Amino acid sequence: MSGYLKQSPVSLQFVSFLGFSFGFFALYLYALQAITPGVTGQTLEALQTGTLTDPNSIGYLKITQFLYTVVAFFVPAAIFAYLWQPYPMKYLGLKTPTGLQVILALLAMYGSLPLASLLGEWNETWPISQSARDLQDMAEKLLGIMLKMPTLKDLFINMILVAIVPAIAEELFFRGVLQRLIIKATGKVWLSVFITAILFSAIHGEMLGFLPRVLMGFALGAIYVISGNLWLSIFAHILNNGLQVTLLYLFQHGMIKDDPMKNTPVEWYYVALSVPVTIGLFWALSKKSTPILMTDPVDKKEGEEVDEIGTDENF
């Protein structure tokens, strides 16, 4: 069908996608800078760096974080998918998974956590400048304030704002669009998954958590590549985020001793055991799925639309 981005060079697709991303982010930032003083009586910078005790200010920051996730990630990805072809859900790989696929994807994601913890320990020994450490301490302090959960209602709200919405928006952006564009540009699937994972980690701006986030990004990208189903990556992302929020709630209420916002040492043999098990889970998922095609298939005949990813009849 004429007029869709799928017929444009991959370079133009990149420019279009990045244009949507930077454009909407700039619009969001401008609006936030203009609105915040009138709503809170403080500038955005003062609000983020000050001592937050007012529940209304904390609630406002949660709303701004929610809007940032939607505007910066969800909206650009959704618009790009809509303009890429007449079937955006197919382009993104949002098809109904089987129960076994969901279980395998969640177990594979969970199995990656011990190695992520080990990488986190190593990451903390990096020679990072004091200014970078101060910025991260400020970000962690702000996140800790926003994630205070005295009631189950607070847990429910944070599950939506911190676990579910970011998982959907970020997977649409990074795996649903960006990773696919990089695969199309390079023709190298696993290199593209790795590059996307690095970009995914870098955009979060936390150097002391860079390596574990790269691993998580790679695991999410691998789930998408071998399954051809973005819902599985979304569910795995929700599991990772939701587990952190739940553990933090349990820690705040004295039900567990270890603070999930701090990296807990993990025994080497636990990592050594989890790695082959996790690889096996990814292999099992690949056997129960239709993988993403590396390049666009050639239409069989003129005028016939062919999907870029997967051949699953449930697509």
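Helix 6 (residues 113-123) and helix 12 have axes that come within 8 Å and cross at roughly 135°. Axes here are lines fitted to C-alpha atoms, for helices over the stretch in contact, and angles run from 0 to 180 degrees between N-to-C directions. Helices are DSSP runs (H or I, at least four residues), numbered from the N terminus.

Before I go on: this is a predicted model, in which local features need pLDDT of at least 70, side-chain atom pairs count only at pLDDT 80 or more, and totals for chains, interfaces and linings use all residues. Residues are numbered from 1 along each chain as its sequence is written, and side-chain values use heavy atoms, with hydrogens and water left out.

Back to the pair. Helix 6 and helix 12 are therefore oblique to each other; angles under 35 degrees count as roughly parallel, over 145 as roughly antiparallel, 65 to 115 as roughly perpendicular and the rest as oblique. Their crossing is left-handed, meaning that the near helix is turned anticlockwise from the far one by less than a right angle; clockwise would be right-handed. Pro114, Leu115 and Leu118 of helix 6 touch Tyr270, Val271, Ser274 and Val275 of helix 12, where contact means heavy atoms within 4.5 Å. Six of these residues are nonpolar, one is polar and none is charged. Ala, Val, Leu, Ile, Met, Phe, Trp, Tyr, Cys and Pro count as nonpolar, Asp, Glu, Lys and Arg as charged, and the others, Gly among them, as polar.

Next, helix 8 and helix 9. Helix 8 (residues 152-186) and helix 9 (residues 189-202) cross at roughly 140°, their axes coming within 9 Å. The two are therefore oblique, and the crossing is right-handed. On the helix 8 side the contact includes Glu170, Phe174 and Arg175, and on the helix 9 side Val189, Ser192 and Val193. By class, this contact has nine nonpolar, four polar and two charged residues.

Then helix 10 (residues 210-227) and helix 11 (residues 230-252), which pack at about 155° with axes 8 Å apart. That makes helix 10 roughly antiparallel to helix 11. Their crossing is right-handed. Among the residues that meet are Met216 and Leu220 in helix 10 and Leu230 and Leu232 in helix 11. The contact residues divide into seven nonpolar, four polar and no charged.

Last, a pocket. Which residues lie nearest the centre of the second largest pocket? They are Ser112, Phe218, Thr278, Ile279 and Phe282, out of 14 lining residues. Helix 10 and helix 12 (268-287) are the elements that give two or more residues to that lining.

Key:
On a 1 Å grid over the protein atoms alone, a cavity is a set of points where a 1.4 Å probe fits but cannot get out, and a pocket is an open set with protein on both sides within 12 Å along at least five of seven lines; lining residues have an atom within 4 Å of a point.
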